[in-house]
Amino acid sequence: MMCCAAALGGWLAGQAEAAESPVASAAPLPAEAAALLGATWQGLDPEALWDAHAHLLGTGDAGSGCRVHPHLQQWWHPVESLRRRVIMGAAGVPADAPSVDRAYVARLQALAGDFPTGARWLLYAFDSAHDERGNVRPGWSTFHVPNAYAAQVAAADPQRFAWVASIHPYGEDALAQLDAAIAGGALAIKWLPSAMNIDLQAPRLRPFYDRLAAANLPLIVHGGEEKAVPGAERDALGNPLLFDLALKRRVSDGGARLSASVFDTRAQLARPGVSTVSPSATV
């Protein structure tokens with residue numbers, strides 16, 4: 001058992017080191033590679049390029065309001081500590097960065113700056129998990145990115161960035177938050193049901209769906225198993241069959257769209273009694 005644990009720890013550490021290595025690779029591309037990259041844009045309109053999935057992240061060390069679960073910063077939670085190293089390393093945030101908030105955004109801006117003028121990114125807010133009564137549960141939340149922060153980062157460079165709000169529908173003021181996000185220029189709403197503890201079939205979500213439909217605002221949902229952001233760890237809520245109610249509300253009202261990114265669903269679909277709906281509606 002100890003041998004297996006040591007092997008797992010060594011493998012995770014290797015993954016973290018591999019993810020951290022790109023931070024040092026800021027050298028310009030060789031001329032031949034740069035020419036090839038430039039040729040790929042011939043005949044393409046950069047303004048038609050929208051990256052619809054760009055996460056923001058921070059620790060709140062520069063007033064962003066972001067936070068991460070304390071376990072990610074505690075060595076006595078080795079798996080979560082390594083998770084943080086992998087995520088930050090992959091994002092190009094140096095381990096010794098004076099401010100994670102600033103370093104993360106600076107890296108994102110630098111990467112976007114390598115693209116032709118006109119290409120844009122949707123920056124995601126990410127709400128905390130809530131319990132069934134609508135209470136915020138920080139202990140269930142791997143990380144949190146406020147809507148105001150996503151809007152602020154996007155507004156600082158509107159030629160490159162727009163923003164996506166994240167509003168937990170169980171919250172008492174969910175509809176008010178949704179109205180504020182729409183007024184603030186959010187281009188979509190982002191949910192990760194398994195991590196945030198959102199039952200997409202719950203009747204209480206119907207007013208939220210109806211408001212999305214009325215505003216023609218897309219809902220971006222991730223389904224399937226979730227490994228990167230465990231959060232509330234409600235894997236059954238990632239079952240894509242649960243998308244049915246959202247799709248039906250869209251069909252009946254002729255409004256908002258549902259964008260679903262579905263990963264490995266074998267675990268959900270193999271569980272008896274997870275869902276009784278039929279995926280009859282179409283996107």
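With a relative accessible area of 11%, D131 is buried, a class that covers residues under 20% relative accessible area, whereas exposed means over 50% and partly exposed lies in between (1.4 Å probe, protein chains only). The structure is a predicted model, in which local features need pLDDT of at least 70 and side-chain atom pairs count only at pLDDT 80 or more, while totals for chains, interfaces and linings use all residues. Residues are numbered from 1 along each chain as its sequence is written, and side-chain values use heavy atoms, with hydrogens and water left out.

D131 takes part in a salt bridge with R137, in which the closest N and O atoms are 3.7 Å apart; a salt bridge is here a side-chain nitrogen of Lys or Arg within 4 Å of a carboxyl oxygen of Asp or Glu. R137 counts as partly exposed, because its relative accessibility is 31%. A search of the whole structure finds four salt bridges, and another of them joins the side chains of R204 and E132, at 3.8 Å from N to O. Because R204 lies in the loop between α7 (193-196) and α8 (206-215) and E132 in the loop between β3 (120-124) and β4 (143-144), this pair ties together parts that are 72 residues apart in sequence. R204 is partly exposed, with a relative accessible area of 40%, and E132 is also partly exposed, at 47% relative accessibility.

A further salt bridge is formed by the side chains of E80 and R83, with a distance of 3.0 Å from N to O. Both residues lie in helix α3, three residues apart, which is about one turn of the helix. E80 counts as buried because its relative accessibility is 18%, and R83 is buried as well, with a relative accessible area of 17%.

Helix α3 (78-90) also contributes to the second largest pocket, and together with β1 (50-55) it makes up the elements that give two or more residues to the lining. The largest contribution comes from α3, with three residues. This pocket has a volume of about 310 Å³, and of the 20 residues that line it, the closest to its centre are H55, I87, F143, A228 and V229. The volume is the space filled by probe spheres set on the points, which are joined across faces, edges and corners.

R160, in the loop between α5 (147-156) and β5 (161-164), is buried yet has no salt bridge, the nearest side chain of opposite charge, D157, being 5.4 Å away. A polar atom of the R160 side chain lies 2.9 Å from the backbone oxygen of P116, and a polar atom of this side chain lies 3.3 Å from the backbone oxygen of A112. Apart from neighbours within four places in sequence, R160 is in contact (heavy atoms within 4.5 Å) with A112, G113, F115, P116, T117, G118, A119, R120 and W121.

For the protein chain as a whole, ten helices and eight strands are found, where helices (H or I, at least four residues) and strands (E, at least two) are DSSP runs numbered from the N terminus. Of its 283 residues, 42% count as buried. Among contacts between residues at least 6 apart in sequence, 75% join residues at least 24 apart.

How values were computed
Lys and Arg count as positive and Asp and Glu as negative; His and the chain ends are not counted. A polar contact is a pair of N or O atoms within 3.5 Å; within protein, one must be able to donate a hydrogen and the other to accept it, and residues adjacent in sequence count only if both atoms are side-chain atoms. On a 1 Å grid over the protein atoms alone, a cavity is a set of points where a 1.4 Å probe fits but cannot get out, and a pocket is an open set with protein on both sides within 12 Å along at least five of seven lines; lining residues have an atom within 4 Å of a point.
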